[in-house]
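Work through the two exercises below with the sequence and the model open. Each task is followed by a stepwise solution.

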Amino acid sequence: MASSFADAVRRLVQSERQPTSTAGILGSMTRLSVIAGLGVALIAIPAASFVAVTANQVSNDIIELPLELEDLPNPQTTVVLANNGKRLAYFYQENRQDIPLEKIAPVTQEALLAIEDSRFYDHGPLDLQGTLRALVNNASAGQTQGGSTITQQLVKLTLVSQATTKAQRRAAVEKSTARKIRELKLAIKYEETHSKKEILERYLNLAYFGDGAWGINSAAFHYFSRSPDKLNTRQAATLAGLVKNPDEFNPVAFPEKALQRRNTVLAVMARDGLITQEKAEEIQASPLGLKVTKYPNGCVESVASFSCDYIRRYLLTDKALGATVEDRRQAIERGGLTIKSNIDLSMQKAANKAVSSTVAPKDKALGMMAMVEPGTGKVRGVAQSRPMGRNVKKGESFINFTVPRKFGDSGGFSAGSTFKMFTVAAALDQGISVGQTFNSPPRLTMPPGSYTDCQGGGTAKWDVKNSTTSGNKNMYTGLSESVNTYFALLEKKAGLCNVVRMAEAMGITVPFDPKTGVTDQVGPFTLGVTSVSPLEMAAAYATPASGGLYCKPQPVNEIIDRNGEVLKKYKPDCKRVLSKGVAAQINDILRIVQERGYGFQNGTGLRIPSAAKTGTAQDNQAVSYAGYTPELSTFSMIAGVKKNGGPKTLAGVTINGRLLNFASVGGSSLAGPMWKKAMGTIQDQLSPVNFGSPAESRPTVRARKPADTSNDEDEDDEG
């Protein structure tokens, strides 16, 4: 039966002329499909279950199939760049970068056509001789032999690429006569509107070459670390041999199989006169010569891993990339975008080194740092001591502790007395003089109703005590010495709601829901009861640094689409929160912390003008250092954490081999030196510009012993 069927097909092939019109092709295919379909069915299906495939049925199938192949853009790789243009990361579902045919070496095109479709430029959308030859061999020998043209293969690749469901993907690769006829019909239509070179170009860009390399450009750079126009015969033959079965012939995983396949391609090229037999044999005797370059997908291997993840999460909220989160994800992973970020690699590396050298990944503590440019909100980098990854035993995590919850899934930490800056800002905004003096005793009880929240409700009793100095204090001494009882009184005079609103104006989210009893609008607000991220605090302190402008943090500068057009240009999102005079006054007060006897005593002083505020959370659960210059605001934090991620006191915790006792846990003594490690390096690339002059000069202050700075706040600092 098989022999007579094969003979019949051969006679029909010999009698067929190569058709050029759609009608002619369909006519030939109808005749061929009748014989091929009936013959295969008779061979493969037992008589008891035989179902005839008639010419009428085949024709109806053809008529009912889609008439055109949608010419959609191929999925492309998105690249994220630092502010100097250097790569931070790639995002992709398929690592691909389309290129024009003229940028693909001719030898690569020749090698591909030799092994896949040697008569590509001679036949129409299908090669009748090749197709029937495959049918004959399949029917008579039970083996699979490819007979599809490049155009037919392109149809299949396109249908798979554009499939949006598993069912569509299965249908695109289903082994059936109906699927084959569908591809043929689509190929016929496609060649009516596309030239051979256009088809070959799209094929080379769409095909999968194994090991995560989609398209010839990605494959050339991945396997040989060179552009497609620089490929030689050996490399071209290797790549051409992969498309038939990119997983089986993967040269990284199965070099011997890849070598055999390459040599087969070379033999075919010699047979077709594309290269000499001598050259083919010479190359066949040589190794593959791989020079693999990896293109890691995502942020894990990035030098700015958590900055990268913050960028990704930030983009997923931007409607410029699509109406829904899924639309935006598809744009990022398939759109071939160029994301120009605001991340400064030198600052990022300084932050990385500072946190990793202070806190080890497996310590029961977290080292965190965020950097924001005053006046623009540009995020220059975020870093943390726990590397990105899934290996919990190594201290790895995918939680980004440096950014707000919606961008990193962390609930934040108490920032301690760094919140006192908001109280000073509110007081100055209310017209209260920096000379405002209070007798600030070591302990103080604020009776119920001493403060009023933003809905007019009274607050509970608050017992507050100092951990630094006591006595008569003004804003300069009260803030620089972080005197708790002074701020309990200043907050009352300025108005709790005014202080809360000031913090909110600088980007801090303050929980307040009287109905459920969840509220941070309480007396101890000035000591930092609200949980925040380092990034939020860096942006907040950038407000006085900029002269009074609060700018929302922006990790991205510009998005370029796959065609090189600007999709979105980010402009600073700023508003004036403080007058220049109030900002200058705050800066002048906080400069004291960085001056001799304060910052220089603790090793945090810089060679350029700077200001800072320290913070220690309740029960020593976290310590902070909010330091800045006119050009960069950097927030440094170290927080104790339990295995479940809950807060834990730092006292008794070992960080990077150093056991912390109660006296060593302080903002200036612990978080401050980590801040200095980064800023001490960065200061050389910052301008030595000064802060603006304050309206009020410093009141006469009593000298303070340097020893007072060893632990600027203790367990009674509630934030």
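**Exercise 1.** Find the order of the 5 strands in the open sheet with mixed pairing.

Solution. 
- Step 1: The order is β2-β1-β3-β15-β16. Strands are DSSP runs of E, at least two residues, numbered from the N terminus. Two strands pair if DSSP finds at least two bridges between them.
- Step 2: Locate the edges, β2 (87–91) and β16 (566–569), each of which pairs on one side only.
- Step 3: From one strand to the next, the twist averages 15°. Axes are lines fitted to C-alpha atoms, for helices over the stretch in contact; angles run from 0 to 180 degrees between N-to-C directions.
- Step 4: Strand β15 (residues 556–560) runs antiparallel to β16, joined by 3 bridges. Ile560 stands opposite Val566 in β16.

The model is predicted: local features need pLDDT of at least 70, side-chain atom pairs count only at pLDDT 80 or more, and totals for chains, interfaces and linings use all residues. Residues are numbered from 1 along each chain as its sequence is written, and side-chain values use heavy atoms, with hydrogens and water left out.

**Exercise 2.** Describe the open sheet of 5 strands whose pairing is antiparallel, and find the helix that packs on the sheet, touching β18 and β19.

Solution. 
- Step 1: Read the order, β5-β4-β20-β19-β18. Its edge strands are β5 (379–384) and β18 (611–616), each pairing on one side only.
- Step 2: Neighbouring strands here are turned by 10° against each other on average, direction ignored.
- Step 3: β18 and β19 (residues 622–628) run antiparallel, with 6 bridges joining them. Thr614 stands opposite Tyr625 in β19.
- Step 4: The helix is α23 (residues 580–591), packed on the sheet against β18 and β19. Its direction makes about 70° with that of β18. Contact means heavy atoms within 4.5 Å; helices are DSSP runs of H or I, at least four residues.
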